[in-house]
Amino acid sequence: MMMKLLKGTKIYSILTGNCPVCQNERMYTKRNPYDVTSTLTMEERCSHCSTKYKIEPSFFYGAMYVSYPVGLIFAGIAFILSYLVFNLNLIQTYLIIVLVMFATLPIILRLSRNIWINLFMTYDKTRSIKNRSVPKFVSPKNASIK
């Protein structure tokens with residue numbers, strides 16, 4: 001229910017991994033980020049609005065710059081919980097941070113890509129709604145100039 005309220009925002013596209021333009025279909029071929037063979041395998045285009053995800057070759061290399069702060073957020077949360085809340089010693093805290101970073105790597109990678117593509121594309125409500133009443137091709141005979 002909460003996610004439906006966020007539809008049309010960048011947060012919705014980032015958290016769900018949906019197309020940043022229409023937000024109707026997933027960008028990734030597999031829903032599960034822990035399917036190691038296809039964690040970063042994406043569709044070439046959105047089948048709903050035809051948005052091309054790879055704007056240019058090596059477009060997602062920029063997501064590396066986003067993955068660092070995203071990883072720091074996960075590590076920071078692990079530190080706060082283990083050291084400050086559960087009062088574990090520093091070695092135990094360090095081991096928990098390493099485990100959390102390793103366990104959340106596929107999520108961090110996808111979130112970074114989602115954030116990166118949303119920096120360059122925005123939601124378009126008109127492309128979100130499929131208009132079936134307008135034909136895709138209008139022949140010159142049927143076109144009228146007014």
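What percentage of the 146 residues in the protein chain do buried residues make up?

1. Burial in the chain. The model is predicted. Buried residues account for 32% of the 146 residues in the protein chain.

2. Secondary structure. The protein chain has six helices and zero strands. Read from the N terminus, its elements follow the order α-α-α-α-α-α. Among contacts in the protein chain with a separation of 6 or more, 61% come from residues 24 or more positions apart.

3. Helix 3, dimensions. Helix 3 covers residues 63-85. Its 23 residues should span 33 Å at 1.5 Å a residue, and the 32 Å between its end C-alpha atoms agrees with that. Asn87, with a positive phi near 55°, follows helix 3.

4. Helix 3, burial. The buried residues in helix 3 are Ala63, Val66, Val70, Gly71, Ala75, Ala78 and Ser82. The cover over these buried residues includes helix 4 (90-103) and helix 5. As background to such a pattern, an α-helix has 3.6 residues a turn, so residues three or four places apart point the same way.

5. Helix 5, dimensions and burial. Helix 5 covers residues 105-120. It has 16 residues and reaches 23 Å from its first C-alpha to its last, close to the 22 Å expected at 1.5 Å a residue. Buried in helix 5 are Pro106, Ile108, Arg110, Leu111, Ser112, Arg113, Asn114, Trp116, Ile117 and Asn118. Helix 2, helix 3 and helix 4 are what the buried residues of helix 5 pack against.

6. Helix 3 against helix 5. Two packed helices are described by the angle between their axes and the distance between the axes. For helix 3 and helix 5, the axes come within 8 Å and cross at roughly 125°. The two helices are therefore oblique to each other, and their crossing is right-handed. On the helix 3 side the contact is made by Ala63, Val66, Ser67, Val70, Gly71 and Phe74. On the helix 5 side, the residues are Ile107, Ile108, Leu111, Ser112, Arg113, Ile115 and Trp116. By class, this contact has nine nonpolar, three polar and one charged residue.

7. Helix 4 against helix 5. What angle do the axes of helix 4 and helix 5 make where they cross? They cross at roughly 55° and come within 4 Å. Helix 4 and helix 5 are therefore oblique to each other. Met101, Phe102 and Ala103 of helix 4 meet Leu105, Pro106 and Ile108 of helix 5. The contact of helix 4 with helix 5 divides into six nonpolar, no polar and no charged residues.

8. Tyr34. This residue lies in the loop between helix 2 (10-16) and helix 3. Its relative accessible area is 41%, so Tyr34 is partly exposed. Leaving out residues up to four places away in sequence, Tyr34 touches Ala103, Thr104, Pro106 and Ile107. From C-alpha to C-alpha, Tyr34 and Ala103 are 9.3 Å apart in space, while in sequence they are 69 residues apart.

9. Ser38. Leaving out residues up to four places away in sequence, Ser38 touches Thr29, Lys30 and Arg110.

10. Positive phi values. Ser50 is found in the loop between helix 2 and helix 3 and, at a relative accessible area of 44%, is partly exposed. Asn87, also a residue other than glycine, has a positive phi near 55°. Asn87 lies in the loop between helix 3 and helix 4; its relative accessible area is 62%, so Asn87 is exposed.

Conventions:
Residues numbered from 1 in each chain as written. Predicted model: local features only at pLDDT ≥ 70, side-chain atom pairs only at ≥ 80, totals over all residues. Heavy atoms only, no water. Axes fitted to C-alpha atoms, helices over the stretch in contact; angles between N-to-C directions. Parallel < 35°, antiparallel > 145°, perpendicular 65-115°, else oblique. Left-handed = near helix turned anticlockwise from the far one by under 90°. Contact = heavy atoms within 4.5 Å. Nonpolar A, V, L, I, M, F, W, Y, C, P; charged D, E, K, R; others polar. Expected span 1.5 Å × (residues − 1). Buried < 20%, exposed > 50% of the residue type's maximum accessible area, 1.4 Å probe, protein only.
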